[in-house]
Every structure is written in C-alpha cells, then in structure tokens.
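Hi,

Here is the structure I promised to pass on. Have a look at it first, and then read my notes below.

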Amino acid sequence: MIKESEPRSLGVPAPQARLRFGTELHEIGGGPRRRLLVLDDAPAFELSFFCGTCPFLFRRLEGANERLSLEDMQDQLTSALADPDDGGVIEAFGALLPEGEYLPLLLEVEPRLVVPGAEGDYFSGEQVTAWGVDQFWGLPQYPHTPYYRTFQTAVDADAHLYEFVVPMVPPTWNERERVEEYVRLMEQGTVPTAVSISTLDVCQSALGLADDPAAHWGLTHFLLDGHHKLEAAATAGRPVRLLSLLALGESLAGADDAARLPALRAQPRSARTTGT
C-alpha cells in the first residue's frame, strides 16, 4: 500500500462510458441473470453472482478484446506515481468509466502469472476448498483467461482477502518487444505504473460442504493500462505500481468492508494456500 485518496465521484453517464457494469436481460425460461462488466456495449467479464453465497468469480467473455491505454498518459505512467492524484491520471481514466463513487488506491504489486487449472490457480485451489466443485459441471470455476495473483492476507479469523489483476486481453496478445523493453527498464530500477478499475466482492459458501468456511474477499483489478508492464514484472520478478479505482457502488461489499481495505492492503502478505 503506497497511498489512498478520498472517495470521489468520477465517470460519465453510462451511455458515454466505454466501461460500465450491468446485468444481462432476463430471457423467458432462462437461468439467473449474470452480473457483468461491459466494454463498448459488449459483455467483457461475468462477475460474482449477487447473492453473496455463490463462488467468487471473474470470467472473460467475448467482449474483452481491447486494451484501454491512453496515449497522452504514457509519460506519466512510465515511472512510479508517488500520489494517486499526480499528473491528472485519475481524471483521464475516469472519463472511460460510468458515473459513480470510486476509492483511488495506489498499490505496489509483485505479480505472478497464473494459468487456470495450473499450479497456484485460485479457482481450482482455494475456491474448491471453500465451495467444492461446481455442482452441475462437476469442475472448478473457469475464468477463461490467465491472470495475475499479487497479494493475500487474513481479514480476521473468519475471512481472507485475495487480490487479482485481470488483463482485458491475454498476455499472448502482448507485443514481445514492448514486454522486453519494460523488462530492461525494470532491471535498471524503473517501477512503472498501471491503472485499473476494481471491485471488492465478499462471498461466503452456504453449502456446508467445504473444508474452508471463511468468507473470501476478492479484490479484482481489471487492467485499463499496463498489460505489457504486468507481464514484464511477472517475467522479471519486479514490482509495479497500480492505481486502482475501486468502484464502491458496484462491489459486493458493504461500506464498512470497503473502508477496511486500505488497512488490510497495508498488512504483511500471508502465505495461506489451500489449493490442489
């Protein structure tokens, strides 16, 4: 945790926002409506279900097909921001987002790239311990994207915080030359900055089948800028800074939970792993 700012109103009216949160239209005879992150009117990610007892989730959909970097912000983001308000970055990226209350957090992360189903995958590890496998499919949840794990810590005896950075496009879409350029810069001591829109979802299994009864706090950062930086940091074993714009009104967490997040994120990282 580098620094937090005060919650603030950001964004533009939803029809003008490139990103927005939504719920799919209900089809007659269909299942429960999905909670979505939408990019340019196309569903980009399915998010945790509203009930709070279903498994935590981010699942990439067909609409997640574009990075949202801003060319005029690249100079400010090539090095480490010292304050969330430096250089007008919040206002610039806020113009991509829907109107709402956001909590800006400036974090330092050391990303580790995870492939679904492989070692370190939350969905086939810690989540299975808490919820078991999907009751219909008989398989773990599948996020349809590689992602980065960055931090986790105990909230209290009955809850644990897990942090994820999720790219809008998979690392295989990144330009190799740019990744290698950032690796060189990081090896010389540069700490670049990425930007995300983020959610905090608090989910707890109600099935009574799990070995882990604790609530899972899922802090998910959906990358707006920084796809090449995160891959380079994971490759080089180096840190990056992350300016997180936490969407307070779109998270499955109460105001008291969100207010605890800066202090929790400043705690030492835990080594809790209950996976495969």
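Let's start with arginine 34, which sits in the loop between β3 (19-23) and β4 (35-39); helices (H or I, at least four residues) and strands (E, at least two) are DSSP runs, numbered from the N terminus. This is a predicted model, where local features need pLDDT of at least 70 and side-chain atom pairs count only at pLDDT 80 or more, while totals for chains, interfaces and linings use all residues. Residues are numbered from 1 along each chain as its sequence is written, and side-chain values use heavy atoms, with hydrogens and water left out.

Arginine 34 counts as partly exposed because its relative accessibility is 27% (buried is under 20% relative accessible area, exposed over 50%, partly exposed in between, with a 1.4 Å probe and protein chains only). Leaving aside neighbours within four places in sequence, arginine 34 is in contact (heavy atoms within 4.5 Å) with Gly22, Thr23, Glu24, Glu46 and Leu61. Phenylalanine 49 is 15 residues away from arginine 34 in sequence, yet their C-alphas are 6.7 Å apart in space.

Now for helix α4. What do its buried residues pack against? Val179, Tyr182, Val183 and Met186 are the buried ones. They lie on the same side of α4, because they cover an arc of only 105° around the axis (the arc is that of the directions from the helix axis to the C-beta atoms). The buried residues of α4 pack against α5 (227-236) and β13 (240-247). Just after α4, glycine 189 has a positive phi of about 105°.

Cheers
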